[in-house]
Amino acid sequence: MADLNRMKAALAAELAALGDATDAEIRGHITDLILSESKRHYISMDERTRLAGELFAAVRRLDVLQDYIDDPDVTEIMVNGPETIFIEKNGRIEKSPKRFSSEERLLDVIRRIVGRVNRAVNEKSPIADARLPDGSRVNAVLPPASIGGPILTIRRFPREPIGMADLLKYGTLTAEAAEFLTNLVRAGYSILIGGGTSAGKTTLLNVLAGCIPPRERLITIEDNAELQIRGIENLVRLEARQANMEENAEITIRDLVKSSLRMRPDRIIVGEVRGAEAVDFLQAINTGHEGSLSSIHANSCADMVPRLETMVLMAFPLPIPAIRRQIASGVDILVHLSRVRGGARRITEIAETDGCEGEEVRLRTLFSYDEDRDILVPREPLKHTRKLKRLEEKHEPARL
């Protein structure tokens, strides 16, 4: 049987001596290498095809991870060092039999991924966020920040963007809630989506963005460009940048939010507020940019308010009552997602802000999740309907 690791090492040495090589040249070297190996022992045609694919993946793609990248059922790839790989497939996490031949091979894959988006990761800067060409989210952590070797996590996204019909099929929400949220977006309600890690915040954000009327000018701002918004021609996509060894200055989410306000947007989408940019986002939605969207890590709709407060305080030591008034007047709707039994993603609460009661932001629960029936149940009607009535006056029906 062919020694794949030895062949990978030999191919890497050849290509290092060659310098820059085209895909055709690499495939030619792989063919020569397999022919040479076949002189040692018999290699079937099926085996030759497999070897050629794995060798090409090792130098041009993602090595042993490529099969998982090509598998649409794999939604998460977790590499805990060169010898330990886990994947999430069809909602279940399982250990992979695959492993990298060495730590250097894993490092090479990480550097290739990060280099594609003009970022760097090394001992001085051991943490990096990046993305794959298909939009998959990538996080890498190297020693000394990671103890057991290089860590690589890849969050996969569907090749075709998920739509509201897909969320209905998955049971994420009901048809009633889908129509309700669709009309809220189209009417210009500012919505904040909350939830834990892997709860589906980015997916829902992308779906709701797809409900924005196509005539509007939209600016998206993200750490890593992941949103797959279609149907809006006047779309501007902005992406943050880390400082790197080439002395390129850092461009933060906050820098981009400030800049976006000078671009004449109708709406702004911030992929996730996680720091001082919260104050700029709040100012934007309080000064004419109705219908803007964002997401936040939170444990419930009620938890989103103090988290926003904390983020605003990272920028300015404003009085808490003033921050809460900004939240109550700017954020119209809060939507919370959770992982429920079996790992399914569900919208578990939809709430509206209803001003301040004393010094607290008052929330009204419009929908809540019934765990026994595994369904989102309506609780109270929307109180602040001015924007919806304005939409109805235009005779624009809901679009699912």
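Predicted model: local features only at pLDDT ≥ 70, side-chain atom pairs only at ≥ 80, totals over all residues.

**Notebook entries**

Residues are numbered from 1 along each chain as its sequence is written, and side-chain values use heavy atoms, with hydrogens and water left out.

**Salt bridges**

I took a salt bridge as a side-chain nitrogen of Lys or Arg within 4 Å of a carboxyl oxygen of Asp or Glu. The count by this rule is 28. Arg267 has such a bridge with Glu216, at 2.7 Å from N to O. Glu216 sits in the loop between α8 and β8 and Arg267 in strand β10, so the pair ties together parts 51 residues apart in sequence. Helices (H or I, at least four residues) and strands (E, at least two) are DSSP runs, numbered from the N terminus. Glu216 is also buried, at 15% relative accessibility.

I then checked Lys387, which bridges to Asp332 with the closest N and O atoms 2.9 Å apart. Lys387 is in helix α13 and Asp332 in the loop between α12 and β12, so this pair links parts 55 residues apart in sequence. Both Lys387 and Asp332 are buried.

For Arg362 and Asp354 I read 3.2 Å between the closest N and O atoms. Arg362 is partly exposed at 29%, whereas Asp354 is buried at 7%.

**Sheet**

I traced an open sheet of nine strands in the order β9-β8-β10-β11-β7-β12-β13-β14-β15, with mixed pairing; two strands pair if DSSP finds at least two bridges between them. The edge strands are β9 and β15, each pairing on one side only. Strands β12 and β13 run antiparallel and are joined by seven bridges. In this pair Ser338 stands opposite Arg346 of β13.

**Helix pair**

I looked up how α10 and α11 pack: the angle is about 105 degrees and the axes are 6 Å apart. Axes are lines fitted to C-alpha atoms, for helices over the stretch in contact, and angles run from 0 to 180 degrees between N-to-C directions. The two helices are therefore roughly perpendicular (65 to 115 degrees). Contact, meaning heavy atoms within 4.5 Å, is made by Ala278, Val279 and Leu282 of α10 with Leu308, Met311, Val312 and Ala315 of α11.

Methods: Parallel < 35°, antiparallel > 145°, perpendicular 65-115°, else oblique. Buried < 20%, exposed > 50% of the residue type's maximum accessible area, 1.4 Å probe, protein only.
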